[in-house]
There are 2 protein chains.
Amino acid sequence: MEVELKEMLDELESLKGSLPDPPNASIDKLQLHIKRLTDLAKSAPVRRSKLKDMSAEVVDSNPYSRLMALQRMGIVENYERIREYSVAIVGIGGVGSVAAEMLTRCGIGRLLLYDYDKVELANMNRLFFRPEQVGMTKTDAAVQTLQDINPDVVLESYTLNITTVQGFETFMSSLRNKTFRLEKEGSGVDLVLSCVDNYEARMVVNQACNELNQTWMESGVSEDAVSGHIQLLIPGETACFACAPPLVVASGVDERTLKREGVCAASLPTTMGVVAGLLVQNTLKFLLKFGHVSPYLGYNSLKDYFPTMEMRPNPQCSNGACLERQKEYLLAKPARDAAKAKMEAETLSAAEGPLHADNEWNISVVDNSEIDVKAAASSDTLPVGLTRELPSADEYPKLPATGPADMSVDDLEELKKQLEALNAD
Amino acid sequence: MEVELKEMLDELESLKGSLPDPPNASIDKLQLHIKRLTDLAKSAPVRRSKLKDMSAEVVDSNPYSRLMALQRMGIVENYERIREYSVAIVGIGGVGSVAAEMLTRCGIGRLLLYDYDKVELANMNRLFFRPEQVGMTKTDAAVQTLQDINPDVVLESYTLNITTVQGFETFMSSLRNKTFRLEKEGSGVDLVLSCVDNYEARMVVNQACNELNQTWMESGVSEDAVSGHIQLLIPGETACFACAPPLVVASGVDERTLKREGVCAASLPTTMGVVAGLLVQNTLKFLLKFGHVSPYLGYNSLKDYFPTMEMRPNPQCSNGACLERQKEYLLAKPARDAAKAKMEAETLSAAEGPLHADNEWNISVVDNSEIDVKAAASSDTLPVGLTRELPSADEYPKLPATGPADMSVDDLEELKKQLEALNAD
């Protein structure tokens with residue numbers, strides 16, 4: 001625009017020179033118009049430049065001062081490590097877009113965004129997208145907004161449907177790509193956030209993460225818009241999405257199918273904002289190692305009730321990759337136990353007895369190690385209001401009595417056959 | 001811009017006519033430049049036009065379809081009533097700006113926004129404001145964004161500090177203004193949301209709402225950015241902000257003072273987004289009459305723990321307007337009880353006995369009226385982890401034994417003297 005205006009001014013100058021009787025009033029007026037347009041163009045948004053380091057300096061111009069303050073407050077040990085991390089967000093809708101904005105404003109290193117849909121006016125009842133973006137793909141619109149907010153974040157946008165064969169392949173190879181941090185172990189990302197709105201896509205994310213041994217978090221909002229949840233899934237260690245599948249699933253019904261019949265799911269910016277906030281807060285706790293990462297957290301907005309629970313993997317899971325991860329996790333148990341015992345011994349010897357056995361305030365440290373053990377042992381009991389849809393492992397009499405720790409590959413094959421036989425009934 | 005370009009084109013045309021030897025190549029080139037600039041201007045964002053009604057029609061172009069679906073889902077009886085309501089938001093920072101955006105996207109009738117501060121790059125770690133808005137007042141920047149998102153919302157922006165004498169007067173008169181809905185009882189707004197970041201401003205909102213007998217919700221986020229809360233305050237019925245003041249308050253210390261010393265509070269878009277979401281969700285429940293409005297809801301993000309509690313007004317409150325509201329509330333008790341008894345009787349006669357006393361599924365309705373009574377009676381017991389900072393009413397032996405219901409104005413004067421004497425110790 002400014003180039004265009006500059007060229008016009010030059011052209012006008014040469015026109016003035018070529019005229020027989022300068023000065024000409026029309027030319028003066030045109031020059032004035034161009035000057036006003038140039039001013040208008042100059043007042044347009046100026047982007048901030050990239051910042052090499054995250055400074056803790058408390059000045060109005062520092063976009064990171066309030067985040068680096070988390071270190072001084074003793075919440076996070078090294079906030080700047082966030083720049084090393086890559087997070088993939090699948091589904092850039094009411095939850096995914098807000099999660100992407102939060103991570104961008106927190107200064108995450110790299111964001112991978114996946115969606116195949118376009119922005120519609122019907123999305124305007126949720127945060128993030130603006131009416132002027134209607135018609136753009138959600139990934140393009142998100143990149144446009146996010147790179148203006150924080151140019152320090154590396155944004156990768158994938159406009160594709162992960163439930164197609166081609167889409168799944170691109171999804172997998174993008175997760176495997178390690179060019180952002182070559183020395184990183186495992187896949188190329190540190191966490192996958194599932195923010196999709198249907199069962200099929202969740203099963204695809206589950207498959208990908210089980211295959212890649214990739215920790216991920218699942219999120220969801222109910223069709224009546226008033227409840228939601230987040231869940232942490234660590235392949236082999238926690239239940240995968242197929243370990244306890246919902247018993248009733250609308251087959252092949254997604255938002256598009258519903259719309260054809262003149263029906264759509266309700267949604268609210270509040271519920272989706274809360275779920276995105278809880279999701280990214282747990283993402284920050286997971287990446288920056290502070291607080292307790294919730295294995296499962298529900299949100300019932302009508303009662304402001306937040307149920308929690310833990311789910312261990314199902315040895316009868318229908319997902320083959322999940323069974324492999326379970327086996328690896330169990331095989332690594334002795335090594336894990338040894339490492340844990342060593343750490344506990346070191347902690348104990350470092351703190352031989354209480355620091356101040358006797359003090360004037362009569363403060364004493366309560367030993368709660370026994371409580372912890374009990375809590376861990378009862379982690380498979382469900383909170384009030386939840387019932388188990390699948391039988392527990394104890395109800396399969398043909399299982400090896402010693403449990404899955406001693407399972408060989410043959411046992412697993414046998415199990416799969418049993419499960420298939422059960423499913424065929 | 002388009003006007004400017006149109007005028008240029010006309011000017012160029014008249015110049016062309018005034019020249020001795022048309023056609024002139026320079027003029028053709030200038031016309032081409034103007035045409036290109038016009039195309040550029042046309043491709044700029046187009047705002048959506050105002051909508052007279054909230055339609056439930058399920059089409060991509062309807063910004064209200066997902067909200068109106070709340071009616072079909074049985075959550076809300078009449079969603080469109082939201083257009084009749086006015087909400088005032090004091091403090092357009094990390095919580096207030098997001099609350100404003102959520103209410104705007106929900107199609108609230110009218111929003112009143114109060115703030116005196118300007119947007120800075122240091123605010124970019126929270127949602128809503130964009131780097132290009134740095135230097136604008138928060139109220140102007142908010143109006144700019146919100147009217148683009150939803151032109152149906154009536155936005156009123158007040159760039160003022162409510163803690164100054166002049167600011168407080170404008171604040172009060174704006175809350176009293178009823179031109180938006182003349183028939184409305186009480187003040188001109190339906191709810192005030194306090195989203196400020198300091199004690200002084202909270203006390204001012206408290207004073208205004210006690211004087212106006214205005215229901216409001218308070219919100220806050222801790223200085224270490226990892227916890228927050230929301231609280232419902234109904235003058236006379238619940239504790240006001242002065243009924244149970246924090247015992248330790250940093251005197252005169254706000255963000256500006258702190259910054260001078262090179263120290264600032266930490267903040268996170270996650271915690272603030274969750275608090276804003278919980279605040280506006282409870283606002284929707286309050287205005288549209290669904291679900292349970294939480295009297296107090298905390299958010300401890302390190303543990304994902306959400307404490308709740310209820311606080312009744314303090315008969316020794318230092319706020320005179322609060323004591324007046326308490327007196328009015330107690331005086332109106334017989335009328336409230338009669339209305340309640342009448343409603344219960346009607347409900348009982350309408351449902352004479354269970355609908356299906358006997359059914360093949362052996363489903364029976366449990367009478368939980370006794371449980372409700374117990375829960376209400378114990379509403380002043382605090383949850384685990386909370387301690388009372390002020391003595392309870394029982395610990396004041398000089399109080400009339402029958403409680404505040406029988407207090408006269410003289411009793412209240414006497415009480416105030418007692419309290420002042422206590423404070424002077």
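Some ground rules. This is a predicted model, where local features need pLDDT of at least 70, side-chain atom pairs count only at pLDDT 80 or more, and totals for chains, interfaces and linings use all residues. Residues are numbered from 1 along each chain as its sequence is written, chains are lettered from A and ligands numbered from 1 in the order written, and side-chain values use heavy atoms, with hydrogens and water left out.

Chain A, then. Chain A carries 13 helices and seven strands. Those are DSSP runs numbered from the N terminus: helices are H or I with at least four residues, strands are E with at least two. Of its 425 residues, 49% are buried, meaning under 20% relative accessible area; exposed is over 50%, and partly exposed lies in between (1.4 Å probe, protein chains only). The accessible surface is about 21500 Å², and carbon and sulfur atoms hold 54% of that. The method is Shrake-Rupley with a 1.4 Å probe; for residues, only the protein chains shown count as cover. Now contacts, meaning heavy atoms within 4.5 Å. Take those in chain A between residues at least 6 apart in sequence: 64% join residues at least 24 apart.

On to helix packing. Two packed helices are described by the angle between their axes and the distance between the axes. Axes here are lines fitted to C-alpha atoms, for helices over the stretch in contact, with angles from 0 to 180 degrees between N-to-C directions.

First pair, in chain B: α4, residues 96-105, and α9, residues 269-288. Their axes come within 9 Å and cross at roughly 45°. So α4(B) and α9(B) are oblique to each other; under 35 degrees would be roughly parallel, over 145 roughly antiparallel, 65 to 115 roughly perpendicular, and the rest is oblique. V98(B), A99(B), M102(B) and L103(B) in α4(B) meet residues of α9(B) including G273(B), A276(B) and L284(B). By class, eight are nonpolar, three polar and none charged. Nonpolar is Ala, Val, Leu, Ile, Met, Phe, Trp, Tyr, Cys and Pro; charged is Asp, Glu, Lys and Arg; the others, Gly among them, are polar.

Q207(B), N210(B) and E211(B) of α7(B) touch A321(B), C322(B) and R325(B) of α10(B). That contact has two nonpolar, two polar and two charged residues. The crossing is left-handed.

Definitions and conventions. Left-handed = near helix turned anticlockwise from the far one by under 90°.
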